[in-house]
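Welcome! Take a moment to turn the model around on your screen, and then let us walk through it together.

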Amino acid sequence: MKFKIDMHNHTTLSSQCSVLDVRDLIRLSIEAGLDAICVTEHNTMYGARRAVMIGRDMGFTVIAGQEIASASGDILVFGVEDEGLQGIPVPELCALAKERGGVLIPAHPFRENAFSMGDSVAEYAECFTAIEGLNGNCSDRQNRRAVELAMKLGVPYTGGSDAHSIKMVAKYYTVFDTDSPIIDTYGLILALKAGQFTAVKAGERSTV
Ligand SMILES: [Zn+2]
Ligand SMILES: [Zn+2]
């Protein structure tokens, strides 16, 4: 089956940079035909955990992650639920992810004016299950560079809206080829490790 997940979203629950109410995010994601979303607040699991419960009330799957500002740039993290990890060196985060069975995905690696890993992704390539190739807050050119780096490193790439407001919801997502629905972090980690997924821009298949 094809299973559509927007991998990267911020809500007012715990991202001060966001004006997106979690209930609006869920409602619009359902309307857009997504099967699930990830909530990935900055350096905390708090908002994501609340979002999972609100999703349950609304009959929609929300998967909890966080976006950690590592010493080298932003990284989407699933399965590492520690608090206070901002500033952590990538090798330490990598070891922690191995210990916890989690996955790391460098976010928007080539976005300018943001805290992004850039070419240093290559230095730590073995730490990353995927690279965020399509990000809703990046230009096409920045996304293309991320996709090219992923392809060069032989690492699959994901898509996520990085939504902070209503108009950004469900613009980018990831389509998983999976035998069963992905209903929680554990299922998402398994699907990411299986590597059977494609990053998509809403309304078109990725051509970068
Ligand atoms: Zn970021
Ligand atoms: Zn983000």
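Before we start, one term: a donor is an N, O or S atom within 2.8 Å of the metal, and water is not among the atoms, so a site may look incomplete. Please also keep in mind that this is a predicted model.

Let us begin with the zinc ion (ligand 1). Its protein donors are Glu67 (OE), Asp74 (OD) and His108 (NE2), and they lie 2.1 to 2.2 Å from the ion. If you follow the sequence, you will find these donor residues spaced as E-x6-D-x33-H. Asp74 belongs to strand S4 (residues 73-78), while His108 sits in the loop between strand S5 (103-106) and helix H4 (120-123), so this pair ties together parts that are 34 residues apart in sequence. Are these two residues, Asp74 and His108, buried or exposed? A residue counts as buried when its relative accessible area is under 20%. Asp74 has 9% relative accessibility, so Asp74 is buried. His108 has a relative accessible area of 2%, and therefore His108 is buried.

Now move to the other zinc ion, ligand 2. The two zinc ions, ligand 1 and ligand 2, are 3.6 Å apart, and Glu67 coordinates both. Glu67 is in strand S3 (residues 61-70) and Asp162 is in the loop between strand S7 (157-160) and strand S8 (172-177), so the pair links distant parts of the chain, 95 residues apart. Both Glu67 and Asp162 are buried.

How many aromatic pairs does a search of the whole structure find? The search finds one. The pair is formed by Phe176 and Phe197, and it is tilted, with 5.3 Å from centre to centre and 50° between the planes. Phe176 lies in strand S8 and Phe197 in strand S9 (residues 197-201), so the pair links distant parts of the chain, 21 residues apart. Phe176 is buried because its relative accessibility is 0%, and Phe197 is buried because its relative accessible area is 11%.

Notes:
Residues are numbered from 1 along each chain as its sequence is written. Chains are lettered from A and ligands numbered from 1 in the order in which they are written. This is a predicted model: local features need pLDDT of at least 70, side-chain atom pairs count only at pLDDT 80 or more; totals for chains, interfaces and linings use all residues. Side-chain values use heavy atoms; hydrogens and water are left out. Helices (H or I, at least four residues) and strands (E, at least two) are DSSP runs, numbered from the N terminus. Buried means under 20% relative accessible area, exposed over 50%, partly exposed in between (1.4 Å probe, protein chains only). Rings of Phe, Tyr and Trp (its six-membered ring) pair if their centres lie within 6.5 Å; planes under 30 degrees apart count as stacked, over 60 as edge-to-face and the rest as tilted. Donors are N, O and S atoms within 2.8 Å of the metal (3.2 Å for Na, K and Ca); water is not among the atoms, so sites may look incomplete.
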